[in-house]
Each structure stands twice: as C-alpha cells, then as structure tokens.
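The following exercises are intended for a reader who meets this structure for the first time. Each task is followed by a solution in steps.

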Amino acid sequence: MWLRNITRDIKQLDHAKRHLTTSITTLNHLHMLAGGVDSLEAMTRRRQYGEVANLLQGVVNVLEHFNKYMGIPQIRQLSERVKAAQNELGQQILADFEEAFPSQGTKRPGGPSNVLRDACLVANVLDPRIKQEIIKKFIKQHLSEYLVLFQENQDVAWLDKIDRRYAWIKRQLVDYEEKYGRMFPQEWCMTERIAVEFCHVTRTELSKIMRTRAKEIEVKLLLFAIQRTTNFEGLLAKRFSGCTLGDGTVKKPEVPPPSTNPFLEDEAGTETDEIVIEKSDAEKPKKPKAPDNPFHGIVSKCFEPHLYVYIESQDKNLSELIDRFVADFKAQGPPKPNVDEGGAVLPSCADLFVYYKKCMVQCSQLSTGEPMIALTTIFQKYLREYAWKILSGNLPKTTSSSSGLTITSLLKEKEGSEVAKFTLEELCLICSILSTAEYCLATTQQLEEKLKEKVDASLVERINLTGETDTFSIVISNSIQLLVQDLDAACDPALTAMSKMQWQNVEHVGDQSPYVTSVILHIKQNVPIIRDNLASTRKYFTQFCIKFANSFIPKFINHLFKCKPISMVGAEQLLLDTHSLKMVLLDLPSIGSQVVRKAPASYTRIVVKGMTRAEMILKVVMAPHEPPVVFVDNYIKLLADCSTDTFQKILDMKGLKRSEQSSMLDLFRQRLPAPPSGAESTGSLSLSTPTPEQESSRIRKLEKLIKKRL
C-alpha cells in the first residue's frame, strides 16, 4: 500500500515538472515575442532593414507557437501588431524603392544602397506580392527608356534596324550588373527577368508596327529580322537558365528545336547536291538530341502572322525553279544513253528535293504551326508540276506510225534490218524518267515523314502526300506501258505476216519462220537496253516483262486463230514456231545478258500458262476430227475452254465445212457438262503432258523433232 502511494506521488511530481517546464518555455517565448514586436516596430521606424530581416523571421517563427492561444487577448494583440508591422514594412519598402527609382518624372534613378539591399532581404520574408511589386516597378522603370527610344514613329523601330534593339538590351544588362547586381538577392534572377520582360515588350511592339506597315514587309527583310531575333534568343539560352519563365510570363515551347530531326541529313553537316534514300531511318545512326531552347519563340513568335510573305516567296521561287528545269531540258535535250549507270535519275529532281529540304528546315525554325501546313501545300503543288511538266511532259509520244513493213519484206528481212519505233535515245529517256519517278516517289514518302516530325503534334494529321506519291506511280505505270507498247508494236507486223501466210500450202517443216526471227530480233534489240537502264529499279523491269507477256501472248493467240485453214504440216510448223517463241519469252528477262539470272517465278508462270495454251490450240488443230466424240473430248481436255466461239475458231483453222462444223458444235454443247471440275488443272498442261491415246503419231514425231532441234 505504501509502495503504491509512493509511485502515485512520483507520477504527480513528473506531471508537475512537465507542466512547469512547458509553462516556463511558453513564458520565455511570450517574453521573446513581446520584446521582438517592440524591437520590430522601433527598427521599422528607423529603417534598420538589416536587423529587421533577421528579427522578423524569428518573430514569425515564435508566433507560430501561439497559434493555439489566439483566444487569449494579449496573444491576439501581439499577433495583430506583427501583421501591422509587416504591412507597414511592405508599404515603407515600396515607398523607398519608388523614391529611389521613380516610375514617372525626369529624375534619374538613384544608385544602389545598403538600405535597399537590406530592404530586399525583408521583402523575402513579407508577403510575396511585395517582392513581385518591387520587381515589377524596377523592371518597368529600367525599360522606360527603351519604350521612348523605339517608339513606333521612330525610324529605328523598323525591322531593318532590329539589331539596335538587341544591342540596347545587351548594354542595359551589362549596366545593371555593374550598378545593381548586388542590390537584389541572387535568387531573384533579376538580370534574366529584365531580359524576359524586354522580350515581351519587344514582341508586342514589333507586332504592332508590323500590323501597321504590313505592306512594307518583304521576304528578305522578314528573314533578316527573324534571323537576328532567333540569334538573340539563342544568346539568351546560353546566358540564362529560363527559371523565371515558369512565373506565368511564357511557357516553354513544346515544339522540337530547329536543329533536331533534319530532312534526310543533319543541317550542321555538309550540304550535298543529292539526298540519299537507300538507308531506312532505323538503319541511320542516331544523333544526340540538342537541348531545348526555353527562349525559342519568346520574341520571334510575333513574325508568324506575316510568314505568308515567306510562303508566297517560296511559291514564286519554286515556280521559277520548275520553269528553269523545263528550259534546261529543252536546251540540253534528253540524257545521253549511259547503260553503265543503270539508268540515270534526272539531276533536276535532286535539285528540287534539296531545295525542299532547305525550305522545310528554314520554315520549321520560323514556325511549326500553320505556316508549315501552307508550305506543305506549296510542296504538293510543285511535286505535281514536276511530275507532269518534267516527267510526263517529256515522255516520247506514240503518235508516229509503226514500222510500215510489208508482209513480203517482213518475210525476207534479215537480222539487224529492222529498227524499233523508239530510238535508243528515246528508250533511255523513258527509262530515265521511270527511274526519276521512282526516286521521287520514295523521297516524297520520306518528305512526308519529316514534315510530320517538324510540325506541331496537333497538325500532323493534315500532312498527307499520298496524292503526290500516286502521281509518281502513274508516271511509272505510263512509262512501263510505253515500253511495252513500243516492243508490242514492233512485233505487230511479224504477227500480221504470220496470219497472212498460206499455211495450208506448207509442204514441210523447216527452221523457225521469218516472223519468229523478227519477233526475237525486236526482243533482243529492246529488252537489253531497257534492262540495263532499269538496273537500279529491278522490280519495274520485272513489271515491264510481265506486262509485255500479258500483252503479247493473247495477241499472238488471236493471230493464231487467223491462220486458217491450216494443213497438218502447217500446224506442225506453227507448233515449232510457238515453242521457239515460248523459250525466248522464258529467257526474256536475261536475254543478251552476260549474267544469267533466273526469271521471276511470277513472270515464268504467265509465260508457261499463256504459251502452253497456244501449243494446246495447235495440238487440237492437228488432231483428227474423226470420230467427232474423241475430237471434242480431246479439245475439252487440252484447252478447258467452254466457249463455243473458241471451238468455232478451232474448227475454222482445221478448214471444216459449215455442215461438219454444225454437227460438231452440237456435240460440243452436249459434252460440256462432263469435265467442269478439271478445267483449271488441264488448262495449264505443258508439252511434257502425255498425249491422249487418240492423238496421231504425227504429233509424237513432231515433239521429238522439237526436242532434237532445241
């Protein structure tokens, strides 16, 4: 019991001790607060700002301990005295700065003083609005001379003397550092604040004067002013960090700096006359990204509404450039044949894209907003003009008549005596235009990507050069079609001669017919030239081969149908000729080449399918028409053609009478439903397919003869 009483007494003593300690501490704080407030009021009256700065912070810190005691009248009274002292200090400091640096009147601003320097330290502890007001008034007074010197009505205010504005602020900043650099706390960044405010004022003043004198703005003057301004913005970035820009004065630009993501090569690198397009962006070495310039656009943004002058200038320059390309082509003529280069790209297209790159880079330095969209529209316009005026406009015309050979002369022609409709120079020109169009197509796609990188993210969707790439695709297609038509037309007289021959009078099978020799001659004349000149665009040479095969083979088959009537020996000769043409066509992609390259599978399939059909037609013609059922079934199996028109043509080639043809056609219609499922597979039979049992022994002998001679 006594132990419990002793423990209780000890606890009471502990509580009493803690309460006593807290009371003593609070009384000390109260004493300090009261004395501090008295001293603060006295020092304020005597403008002892150096002592006030340290004391005020201490008084504020001590006052925080009494927040929960504000219900006590004495404590509340001390708090109100502190607030009153702070208000008085604020008004007094502002008045001191107004007296030293009057915002109005002719009185020159006073020099720095220790009183004002200490006043700034006090302002750091007071309401932030006091500090902001001091900064605002000082900067306004410091720039007042600038507004007078560069008034809108002054000659020095115009764009041609824009350098003087930037020279003035440089002098002012040096003067400030020398006179007032130590007066304001370093963390206020007053030098940067003066420069930033100068930029805002300058942007406003330049905008105003350019609106007034918009008609006087020429592109050279505009670019001069922009260049000097961006140089100044770059100088600011080297001198200042941009820490004051977060105060609501200006935001950091979100656009990429003009030195990043150049079009196809680094702007800082060596300029070349041609743009390399072989490597993809993923294969190119990544360049380190330059740091953003927080001052980019802080002044130069004012020029953006007037960039239409620059866009109009580029429109005019590009129009003159296209006209020069047209004139140069007329004066110099088409490019000289040079197969060693694999079909030269016209140098004018490289010149065009080099100019495009310079324009894009320059415009992105001026603005990445709407002016970039306007420039893109100009690019589109002159890509189309280049496609039509330089490329399509210089393609050889096809209005001239064909070779004009007679059947007799064609049958008697010797190798080398025939010339294709297009000359060697014209063929090379077509290939050169095709290669140039392909270059333009690929580079236009890259141009679109680079424009999207340069423009503001919100405008990316408005960059679309699909129409221009389609235009170059059309030029490519037209060029290939011209090459096909030329070779096709050169072969036409030979096919006409074939259809005019008296095939029923052929008495024996000999070497290939003259018309075959003529076709092979034209192929050997044209194809190597085209292949060598399209060496750099191999896929388009393959397209040429495929289109020629798709054009020539159906035409050859149509002329086969015109060969009527045909004797058995005549059919054998035609079959030999057809097989010879088939072998030449299969070898067409590499004909006359020292390097033997396997033909593309897509091309080979077309030739095999088409020429095998021609062979099957002749095999059907050679087959005996008795008994009729066997002949009809043989026809359906070999040709898989359900058309009565085709069957009618076969009968005409065999020379059957109308009465015989009528019964044959009736039988053909009756037999049609039998083999519909196998039509596709039997349609692609080759010569190696075993002949039907009903086929005559003469056909077997002919196949052996063909294999032996080849």
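Two rings of Phe, Tyr or Trp (its six-membered ring) form an aromatic pair if their centres lie within 6.5 Å; planes under 30 degrees apart count as stacked, over 60 as edge-to-face and the rest as tilted. The model treated here is predicted, and a search of the whole structure finds 24 aromatic pairs.

**Exercise 1. Classify the pair formed by the rings of Phe631 and Phe647.**

Step 1. A pair of aromatic rings is described by the distance of the centres and the angle of the planes.

Step 2. For Phe631 and Phe647, the centres are 6.3 Å apart and the planes stand at 50°, so this pair is tilted.

Step 3. The two residues belong to distant parts of the chain: Phe631 is in helix H20 and Phe647 in helix H21, 16 residues apart.

Step 4. Phe631 has 1% relative accessibility and therefore counts as buried; Phe647, at 0%, likewise counts as buried.

**Exercise 2. Classify the pair formed by the rings of Tyr635 and Phe647, and state which helices hold the two residues.**

Step 1. The ring centres of Tyr635 and Phe647 are 4.9 Å apart and their planes are at 70°, so the pair is edge-to-face.

Step 2. Because Tyr635 lies in helix H20 and Phe647 in helix H21, the pair ties together parts that are 12 residues apart in sequence.

Step 3. Tyr635 and Phe647 are both buried.

**Exercise 3. Determine how the buried residues of helix H22 are arranged and what they pack against.**

Step 1. The buried residues in H22 are Gln661, Met664, Leu665, Leu667 and Phe668.

Step 2. Viewed down the axis of H22, these buried residues fall within an arc of 170°, so they line one face of the helix.

Step 3. An α-helix has 3.6 residues a turn, so residues three or four places apart point the same way.

Step 4. On the face of H22 turned away from the buried side are the exposed residues Ser659 and Gln670.

Step 5. The partners of the buried residues of H22 are helix H20 (628-639) and helix H21 (644-654).

**Exercise 4. Decide how far helix H16 is enclosed by the rest of the structure.**

Step 1. Helix H16 consists of 20 residues, 514-533, and its first and last C-alpha atoms are 29 Å apart, close to the 28 Å expected.

Step 2. Of its 20 residues, 15 are buried, so H16 is largely enclosed by the rest of the structure.

Step 3. For the chain of 710 residues, the share that counts as buried is 46%.

**Exercise 5. Identify where confidence in the chain is lowest and where it is highest.**

Step 1. The mean pLDDT of the chain is 76, and 69% of the residues score at least 70.

Step 2. The chain has 24 helices and 0 strands. Confidence is lowest in helix H13 (residues 407-412), with a mean of 36, and highest in helix H12 (residues 370-391), at 93.

Step 3. Over residues 400-420, pLDDT stays under 50, and the model has 30 contacts beyond four places in sequence for them. Residues 27-31 also stay under 50, with 6 such contacts.

Step 4. Where pLDDT is low, the predicted coordinates should not be read in detail.

Methods:
Residues numbered from 1 in each chain as written. Predicted model: local features only at pLDDT ≥ 70, side-chain atom pairs only at ≥ 80, totals over all residues. Heavy atoms only, no water. Buried < 20%, exposed > 50% of the residue type's maximum accessible area, 1.4 Å probe, protein only. Helix = DSSP H or I, 4+ residues; strand = E, 2+ residues; numbered from the N terminus. Arc of directions from axis to C-beta. Contact = heavy atoms within 4.5 Å. Expected span 1.5 Å × (residues − 1). pLDDT = per-residue confidence, 0-100.
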